Amino acid sequence: MSGLTIAQKIIRSHLVSGDMAPGSEVALRIDQTLTQDATGTMAYLEFESMGIPRVRTERSVAYIDHNTLQSGFENADDHRYIQSVAKKHGLYFSRPGNGICHQVHLERFGIPGKTLIGSDSHTPTGGGIGMLAFGAGGLDVAVAMGGGAYYITMPKMVKVNLTGKLSPFVTAKDVSLELLRRISVKGGVGSIIEWGGPGVATLSVPERATITNMGTEVGATTSIFPSDEITRAFLAAQGREGDYVPLASDADAVYDTVIDIDLSALEPLIACPHSPDNVVTVSSIAGTKVDQVCIGSCTNSSLMDLLKVAALLKGRTIAPSVSVSVSPGSKQVLAMLSDCGALSDILASGARLLECACGPCIGMGFSPNSGGVSLRTFNRNFEGRSGTADAKVYLVSPETAVAAALTGAITDPRTLGEMPAITLPERFKIDDSAILPPASEAEAESVEILRGPNIKEFPKSRPLTDTVEAPLVLKVGDNITTDHIMPAGSKILPYRSNIPYLSQFCFGVCDKTFPERAKAAGSSIVVGGSNYGQGSSREHAALVPLYLGVRCVIAKSFARIHAANLVNAGILPLTFANADDYDKLRQDDKLKLVNVFKGLQSGQFTLLDETTGDTIPLTGHFTDRQQAILRAGGLLDYTREGGK
């Protein structure tokens, strides 16, 4: 019998049920959960509906990091609600300003070898210290908080073998962009990426976390690094050396695919609009005028990242034509930058300091000028995500971002001179005063849940029927993201707990008439191309279509988390048996799915286009549990009925 990969070892030790053969469903015991406020309010409404008094995980944390712009009562009310739920039900609560969930969790809570799911697609950041961390929908997180298992299809194992060492001004971000350049935003679907090889020993934990964070953009189920002496040193610096556990794959572990990357052969890379895999070398487009630079996000806001930024900006002034923002990833990062004087160097350059939050990455402020070029150290550059519809957003490393800020144009950072030497401190500044512990079980009974008027009920679902008759209300193309389906931004995010209000923005990027037409239809079907639902894990991209009457989504292929969210919402996700049949369907055609229950069991479905007379074969492979969820009308109803 062959050896095991790191991920397989963690899965085996957390296996509740299922067969670890790729393609089989496995149920995993979850040690930790996290939520953020854009998705958390709905997750806690779902958790409350289950009637479980106290979370049953080892550690669950509620973070406030997305909707921190309080331009009305809505965000403040949601934060107050989440804080009261956390206090009553046994969660830790990270206050607004304490930092981005993934950065803070890495610093203060992540433990090698543990399982973590979070209602944010970049939860795999935890793989940087050897956690098996998954992005998931809020309903899945709510079930895990209640002690339920997390179900996934057993992934394939991909190893990225690193050799060599990064050259000056070449970074972990460039490693991620190189992988995206090679395998695309779809190349990791159905796989866990394990980073290994001798080059791993040259990467710090913050660099590893950047890489596992960006693994989400190749569609991977998750990404993971070994837990080694570098991991131990990071945890010791956080005062948590006792959490260290060594983790490595077996020497004879078998991988489905091996990808070799020579770190010393890389050069600075850049993802051009409007996809993270539209990658070229920085030098190839040098000279392109830049209007804005944003440094931060859960990808590149660590102390190491910002110490490099400060060192490169020291004694220099940003170009007059460029607006620059810097968002530290956590209060810890901000405090340490301040204490060592690096923050003064950043501010003296002319950069604007934003709070320790997601900010511009989620379209929450600092949108570019009309038609502007914005270089961002973020993980996504989907069209319109920045808050400016016609902006051109590029993804870069902090070093490349600084080079553009100083010159006013896309610039190879290797032209800046000698890279200053940066070393991480042996001890980080530890102040957990902004992380509030829950009430004791005895005290919890008297804690009141505080609800504002913006918090509305979970949308009502309908049990699946054997025949689904509905018009095709919307047909879209390839790589439709959850930002297309349910946009983010400062005007929309405050209504994450108000599905009826949110519904008026559904698919607004694609077709502003969709909400009105879907409501008028009562029941409807949406058709999409390849990689439908990529991007954020936000389950609102399933819940809002549910509210508007969408019963089925048919696509060439689906992103993993979104397909799971559709099932959880009681919406049937089906794929074309023959991709060319996508071209036969036209918007407004009257469609009919027949013998649905038989199809759930066989995996073969029949779609009748009653407008054209075409018969189109579809596929949809669902486990027994998923079939029961769909029949019940969604995971919440299934759980209420006693399903597990």
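Leaving aside neighbours within four places in sequence, which residues is T377 in contact with? The structure examined here is a predicted model, in which local features need pLDDT of at least 70 and side-chain atom pairs count only at pLDDT 80 or more, while totals for chains, interfaces and linings use all residues. Residues are numbered from 1 along each chain as its sequence is written, and side-chain values use heavy atoms, with hydrogens and water left out.

T377 sits in the loop between β18 (373-376) and β19 (392-395); here helices (H or I, at least four residues) and strands (E, at least two) are DSSP runs, numbered from the N terminus. With 0% relative accessibility, T377 counts as buried, on a scale where buried means under 20% relative accessible area, exposed over 50%, and partly exposed in between (1.4 Å probe, protein chains only). Contact means heavy atoms within 4.5 Å. Beyond its neighbours within four places in sequence, T377 touches K173, C294, I295, G296, S297, T299, N300, V396, S397, P398 and A401.

One of these partners, S297, can be followed in turn. S297 belongs to the loop between β15 (292-295) and α9 (303-313), and its relative accessibility of 2% makes it buried. Once neighbours within four places in sequence are set aside, the contacts of S297 are I100, S327, C361, T377 and F378.

Attention now turns to a sheet. Strands β1, β2 and β8 form an open sheet of 3 strands in the order β1-β2-β8, with antiparallel pairing; two strands pair if DSSP finds at least two bridges between them. The edges are taken by β1 (15-18) and β8 (150-153), each of which has a single partner strand, so one side of each lacks a neighbour in the sheet. From one strand to the next, the twist averages 25 degrees, where axes are lines fitted to C-alpha atoms, for helices over the stretch in contact, and angles run from 0 to 180 degrees between N-to-C directions. Between β1 and β2 (residues 25-28), which run antiparallel, there are 3 bridges, and G18 stands opposite V26 in β2.

The expected span of a helix is 1.5 Å times one less than its number of residues. For the 17 residues of α3 (residues 73-89) this gives 24 Å, and the end C-alpha atoms are 24 Å apart, which agrees. The helix is mostly covered, with 12 of its 17 residues buried; among them are Y81, I82, V85 and A86, as well as E74, D77, D78 and K88. The cover over the buried residues of α3 includes α2 (37-49), β4 (59-63), β5 (92-94) and α13 (441-444). After α3 comes G90, with a positive phi near 95 degrees.

Several backbone details elsewhere deserve a friendly look. Most residues other than glycine have a negative phi, and most peptide bonds are trans. The peptide bond from P273 to H274 is cis, with omega near -5 degrees, and H274 is placed in the loop between β13 (269-271) and β14 (279-281). N479, not a glycine, has a positive phi of about 55 degrees. N479 lies in the loop between β21 (468-475) and α14 (482-485) and is partly exposed, at a relative accessible area of 28%. D588, also a residue other than glycine, has a positive phi near 80 degrees. The loop between β24 (572-576) and β25 (590-594) holds D588, which counts as exposed at 54% relative accessibility.
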